[in-house]
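Dear colleague,

Please find below the structure that I am handing over to you, followed by a short account of what was found in it. I would be grateful if you kept it open while reading.

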Amino acid sequence: MIGNGRSPVNTQLPDVTPAATENHAVLPKALRETMARFATGVTVLTTGGEYAHGMTANAFSSVSLEPPMVLCCVGRSATMHEAITATRSFAVTVLGADQEHLARYFTNKSRPRGAAQFDGLDWQPGPFTGAPLLSGSLAWLECKLAEQYDGGDHSIFLGEVLASDWADDRQALLFYGGAFHRGIGGTPEQIG
């Protein structure tokens, strides 16, 4: 039995001895389906200046409070990868539930490139990086690149947080099961 009183889907666990794991490979489709069961917030990563660019991302996490650090993971073939590497900085806008249109916009490969992709959007330049911070968001952070690590077909960018702010009384935009959902908002109640 698992914590909710239900039996797990697979009642027998596979053999996890070293010999069994040597020839076992997790296929990308299976990993994608597995990770779709993990609800995440939705962000837009941005860079400014000559390398102005935006990209929807949910591979984002807090790392440390002292010093303040976060990480984001970006595919090596993505335009954002080159932009963060070149500018050595990035901003993160945490989207609210009413900003699904922005999440979709920044995944659309036919949108304009460079600074033109921000035309017509409500944003302001970050005071430290100049990267666009999207208005009406749940929260935002500005970061300078502290470290870059190899993460397979992605790079893990560790950012030192230079500034952050948030809004109260807004619902979060969540991504779960391959679809967008509205999350909790305002001041969450503590459980337990």
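In which loop does Gln99 lie? The model is a predicted one, and in it Gln99 belongs to the loop that runs between strand S6 (89-94) and helix H4 (100-105).

Is Gln99 buried or exposed? Its relative accessible area is 4%, and because buried means under 20%, Gln99 is classed as buried. The side chain of Gln99 comes to 2.8 Å from the backbone nitrogen of Gly96. Leaving aside residues up to four places away in sequence, Gln99 touches Val94, Ser135, Gly136, Ser137, Leu138 and Leu173.

The largest pocket has a volume of about 1,400 Å³. It is lined by 38 residues, and those closest to its centre are Arg32, Thr56, Asn58, Ala59 and His154. Among the elements that give two or more residues to this lining are helix H2 (28-35), strand S3 (53-57) and helix H3 (79-87). By class, the lining of the largest pocket holds 18 nonpolar, 14 polar and six charged residues.

The second largest pocket contains about 190 Å³ of space. Of its 13 lining residues, Phe60, Ser62, Val70, Leu141 and Val161 lie nearest the centre. Strand S4 (60-64), S5 and strand S9 (139-151) each supply at least two residues of this lining, and S4 provides the largest share, four residues. The lining of the second largest pocket comprises 10 nonpolar and three polar residues, with no charged residues.

Yours sincerely,

A colleague

Methods
Residues numbered from 1 in each chain as written. Predicted model: local features only at pLDDT ≥ 70, side-chain atom pairs only at ≥ 80, totals over all residues. Heavy atoms only, no water. 1 Å grid on protein atoms, 1.4 Å probe; cavity = no way out; pocket = protein on both sides within 12 Å on 5 of 7 lines; lining within 4 Å. Points joined across faces, edges and corners; volume = space filled by probe spheres on them. Nonpolar A, V, L, I, M, F, W, Y, C, P; charged D, E, K, R; others polar. Buried < 20%, exposed > 50% of the residue type's maximum accessible area, 1.4 Å probe, protein only. Polar contact = N/O pair within 3.5 Å; in protein donor to acceptor, adjacent residues only side chain to side chain. Contact = heavy atoms within 4.5 Å.
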